[in-house]
Amino acid sequence: KGKGKKDKKGKKGKGKKDLTADRSLESLYAELVEQEIVRPYEERKISEYIGEFNFLGSALKQTDEIIRPSIGQTRELVKELCILPLGSEYLHESSPFCKSVLFYGVKDSGKSLMTNIIANSVGANIFNISPRNTDGKYKGKESTLMVHMVFKVARAMAPSIILIEESEKVFCSDKKKQKEFAGEFEEKLDRIKKDLVKEMKTVKAGERLLVIGHTKEPQLCAKKDEKAFLGFWSKHIYLPLPDYASLRELWGHNFANEHIPLKPEFDLPSLTYISRGHTATAIENVCKSIASSSRGKTVNEKPLTVSEIVTELSKFDTTESQQDHELHEWSFKLPSNPNKGRSVSTASSKKKGGKKGKDKKKKK
């Protein structure tokens, strides 16, 4: 009998408790602002995420070539999955339900820019519960209260974005890796994981609430963490490095923005080719640096040369191809990837060795 009573009590106690039932919404919001979990963000437009479409994609689909997503494709995907549903309650209820999105890409690939674009487009609040932003706040078990408060206020003030930067650290349970990060943080990095997963189960269509994660090292979540990390996100969106067409557009846009005139014979194709591996942020900074320098005052009398721009560009590091390659390899683990189970290396070896393999079978 005693056991039965305990079971009944347990079942009754399973309902979701409001930990802040005695507090007003205004006081909760004020506290989150005070703790800098809610704070202002830059005004950015979708047109600022500059880049072209990969128009060869449809042709390459007929071959064994693995197609990398382009900036133009990523921009359209964000509009469809994030901006339109958050901006309309009707669309959020009737379109395919997407309650969380992971943006992954190398450093300065535009993850923060894209989050600000989404927030500006729909007039959303951003609640930043990233490990780095919440470190030293709501210590120990108080993190449960923090997550509860964020979701409660975010629902009431929809449309809302809950942001988790360096999201791989929240899901990484490997003790060796946690020790590596321990020097940077006071609190455990995965302290919000349990409460976050619990709250996400209660998110419904029509609430116009979106959890956005950023990561440049998703491969840190290995083995058992990998499944939990991949499964948490409804969609995974890769933010690629600019390709040739996108780089050419970026240079032209930034020169015009900074009022830097170019001669008709200026060798833009060569500059574009040389700048491969650089991010849009690096190109923007190069143009701003030239415009604000003493050389920027004389560009009308003496137009810039490619060598001058390359000299300034050399001050900015290129993104290592290895980093981009690792992220591209990781994308083959995604459940939604049509190339799941493959890899860049196996695809290229198939392409090279495919004919030989066929010839051997014929000889046999």
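Pro 159 is placed in the loop between H8 and S3, and the peptide bond that joins Ala 158 to Pro 159 is cis, with omega near 5°. Helices (H or I, at least four residues) and strands (E, at least two) are DSSP runs, numbered from the N terminus. This is a predicted model, in which local features need pLDDT of at least 70 and side-chain atom pairs count only at pLDDT 80 or more, while totals for chains, interfaces and linings use all residues. Residues are numbered from 1 along each chain as its sequence is written, and side-chain values use heavy atoms, with hydrogens and water left out.

**Backbone geometry**

Most residues other than glycine have a negative phi, and most peptide bonds are trans. Glu 166, although not a glycine, has a positive phi of about 50°; Glu 166 belongs to the loop between S3 and helix H9 (168-171). His 259, likewise not a glycine, has a positive phi of about 55° and is found in the loop between helix H13 (244-257) and helix H14 (268-274).

**Overall composition**

The secondary structure of the protein comprises 18 helices and five strands. Of its 364 residues, 41% are buried, where buried means under 20% relative accessible area, exposed over 50%, and partly exposed in between (1.4 Å probe, protein chains only). Contact means heavy atoms within 4.5 Å. Among contacts between residues at least 6 apart in sequence, 80% join residues at least 24 apart.

**The sheet**

The five strands form an open sheet in the order S2-S3-S4-S1-S5, with parallel pairing. Strand S2 (125-128) and strand S5 (235-238) stand at the edges with a single partner strand each, so one side of each is left without a neighbour in the sheet. From one strand to the next the twist averages 25°; axes here are lines fitted to C-alpha atoms, for helices over the stretch in contact, and angles run from 0 to 180 degrees between N-to-C directions. Two strands pair if DSSP finds at least two bridges between them. S2 and strand S3 (residues 160-164) pair in the parallel sense over four bridges, and Asn 125 has Ser 160 in S3 as its bridge partner.

**Nonpolar cores**

A nonpolar core is a set of buried Ala, Val, Leu, Ile, Met, Phe, Trp, Tyr and Cys residues joined through side-chain atoms within 4.5 Å. The largest one has 37 residues, of which Leu 32, Phe 127, Phe 151 and Ile 162 touch the most other members. Helix H8 (residues 142-156) contributes the largest share of this core, seven residues. Apart from it lies another core of 24 residues, among them Tyr 49, Leu 113, Ile 212 and Leu 239. Not counting residues up to four places away in sequence, Phe 151 touches Ile 162, Leu 196, Glu 199, Met 200, Val 203, Leu 209 and Val 211.

In helix H2 (residues 25-34), the buried residues are Leu 28, Glu 31 and Leu 32. They cover an arc of only 100° around the axis, which puts them on the same side of H2; the arc is that of the directions from the helix axis to the C-beta atoms. These buried residues of H2 pack against S2 and H8, whereas Glu 26 and Glu 34 are exposed on the other side of H2.

Helix H12 (residues 224-232) has Asp 225, Phe 229, Leu 230 and Phe 232 as its buried residues. Their arc around the axis is only 160°, which puts them on the same side of H12. The face of H12 turned away from the buried side carries the exposed residues Lys 224, Lys 227 and Gly 231.

**Individual residues**

| Residue | Relative accessibility | State |
|---|---|---|
| Leu 189 | 9% | buried |
| Ser 331 | 5% | buried |
| His 214 | 5% | buried |
| His 259 | 68% | exposed |

Leu 189 is found in the loop between helix H10 (175-182) and helix H11 (193-200). Leaving aside neighbours within four places in sequence, Leu 189 is in contact with Pro 131, Lys 169, Val 170 and Phe 181. Leu 189 and Glu 166 are 23 residues apart in sequence and 9.9 Å apart in space, C-alpha to C-alpha.

His 214 lies in strand S4 (residues 209-215). Its contacts, again leaving aside neighbours within four places in sequence, include Leu 102, Phe 103, Leu 163 and Glu 166.

Ser 331 lies in the loop between helix H17 (321-330) and helix H18 (344-363). A polar atom of the Ser 331 side chain lies 2.5 Å from the backbone oxygen of His 328.

Technical notes: A polar contact is a pair of N or O atoms within 3.5 Å; within protein, one must be able to donate a hydrogen and the other to accept it, and residues adjacent in sequence count only if both atoms are side-chain atoms.
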